[in-house]
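Welcome to this short tour. Open your viewer, get ready to select residues by number, and follow along stop by stop.

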Amino acid sequence: MEELYSSAIALLNSRRRKARPSLTGPPGGSNIPGLDSMPSLNGTPSLKGTPSLMGVREWLRELGHSDDDVNRLNVIHVSGTKGKGSTCAFINSFLKAHGERTGFPRKIGLYTSPHLKFVQERIQIDSRPISEILFAKYVFEVWHGLSGKISPGPRYLQLLLLVSVHAFIREGIDVAIYETHNGGEYDATNVIQKPVVTGVTTIGMDHVEQLGPLIENIAWHKAGIFKHGSPAFSTFQEPAAATVLQQRANEKNVALQFIGINPTLPHNSLALKPEVQRTNCSLAISLASTFLKVKAPQDDCILASQDILQGIEQFSWPGRYHHIVDGNHQWFLDGAYNELSIQKAAQWFVETTLEGQGYLVMSDLNNMELEADVSSTSPPCTRVLIFSHISERDGAALLKGVAEALHRGALQIQHVILSTYQERQDGAVSMDPCSKTPE
């Protein structure tokens, strides 16, 4: 079985593309919609390169999954720049608490990215990644179901999306919570035609080369998940982004509501200690509540206050604002991978550690982790910053964001260690740094 799993990982890695398409291209310019040419609903939008949405619907049909099959997954669809994963995890936790109390939902599917250690973490059922055996089984069912029938075949993220839909249908889940990969309008996850409800987390300047150049362009893409007949919610946004979201909602005849911080949230919860998590949690409450009102039995269609409190108490999202106490050591872990999120993570660390004294390590669990060993008995402390990342983003800009947050908090670092993941540059597929290490 281990060989089958390793073969599935090798197959996935063989579907990676070498680089993302960007706004900069050959003479004549890019054909990604600009702010003045963002297409209307009746337009014929196109992107530089091949949009990841292209082909997904046909592949699902080839696998025997119709639009109705996908719609019966009862999808909650979430886009945004930062906080998507945390918001989805909060939704999952609230629905789990409601299910434990009432019996619905019975089975919850969760699809997020990226993963921290193992790729099957992206596809979870009832708060657990699907097993290696099940993951490999569904990877090969999808791959063999498409082989030789439709060319070219799916790329890495497209294949993972297909595997998740295939797995959730086969496993008979009651609700599927989907986080977009990148953008929204042309994202592979946007194959979902009739989500129960959609949500947009905080929008910022990330993936600018694919979605920009302005925040209005990025908001246009994020709003692509809005669907007629499905209510939509968003956190409060910058005015320019909020205007575009509302315009797109109006075009699609979608009821869009902007959500502030829920005043009923507990004040002393560790899960909500970073202020940004209160924002994500509040959006999740609106999305979970709306889902239950639409899909739960009438007698149990309310997300009760006890569901919310239990959901917050049992909330778990490893690698995001993740604080672990291990004897005399404290570890502050965060997998932030864009400038906005990494500054929030560093700010969270500063605010938390200013309450004590300690030894800090900050590194990358795929992009970045914050780790700390705190000793309360030997001031002054020594802090070491270890930083590494693996993405197309500007590592210097990310590191600068950390430094600025530490400087604002007057938190000094005595030593800095810069590390990196070495990828092969010859075009061959290298080992996924997050996959299982061979024995």
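Two residues are in contact here when they have heavy atoms within 4.5 Å. Keep in mind, too, that this is a predicted model.

**The whole protein**

Start with everything shown as a cartoon. You will find 13 helices and 14 strands. Of the 439 residues, 54% count as buried. Now think about contacts between residues with a separation of 6 or more: 71% of them involve residues 24 or more positions apart. The protein exposes about 19800 Å², and carbon and sulfur atoms supply 52% of that area.

**Stop 1: leucine 292**

Is leucine 292 buried or exposed? Leucine 292 counts as buried because its relative accessible area is 0%, and the cut-off for buried is under 20%.

**Stop 2: phenylalanine 104 and proline 105**

Stay with two of those partners and zoom in on the bond between them. Phenylalanine 104 and proline 105 are joined by a cis peptide bond, with omega at about -5°. Proline 105 sits in the loop between α4 (84-102) and β2 (108-111).

**Stop 3: glycine 212 and proline 213**

Here is another cis peptide bond, joining glycine 212 and proline 213, with omega about 20°. Look for proline 213 in the loop between α7 (208-211) and α8 (215-222).

**Stop 4**

Most residues other than glycine have a negative phi. Select asparagine 74, in the loop between α3 (67-71) and β1 (75-79). Its phi is positive, near 55°. Asparagine 74 is buried, because its relative accessible area is 13%.

Finally, select alanine 410, in the loop between α13 (395-408) and β14 (415-418). Alanine 410 has a positive phi of about 55°, although it is not a glycine. Is alanine 410 buried or exposed? Its relative accessibility is 65%, so alanine 410 counts as exposed; the cut-off for exposed is over 50%.

Key
Residues are numbered from 1 along each chain as its sequence is written. This is a predicted model: local features need pLDDT of at least 70, side-chain atom pairs count only at pLDDT 80 or more; totals for chains, interfaces and linings use all residues. Side-chain values use heavy atoms; hydrogens and water are left out. Buried means under 20% relative accessible area, exposed over 50%, partly exposed in between (1.4 Å probe, protein chains only). Helices (H or I, at least four residues) and strands (E, at least two) are DSSP runs, numbered from the N terminus. Accessible areas come from the Shrake-Rupley method with a 1.4 Å probe; for residues, only the protein chains shown count as cover.
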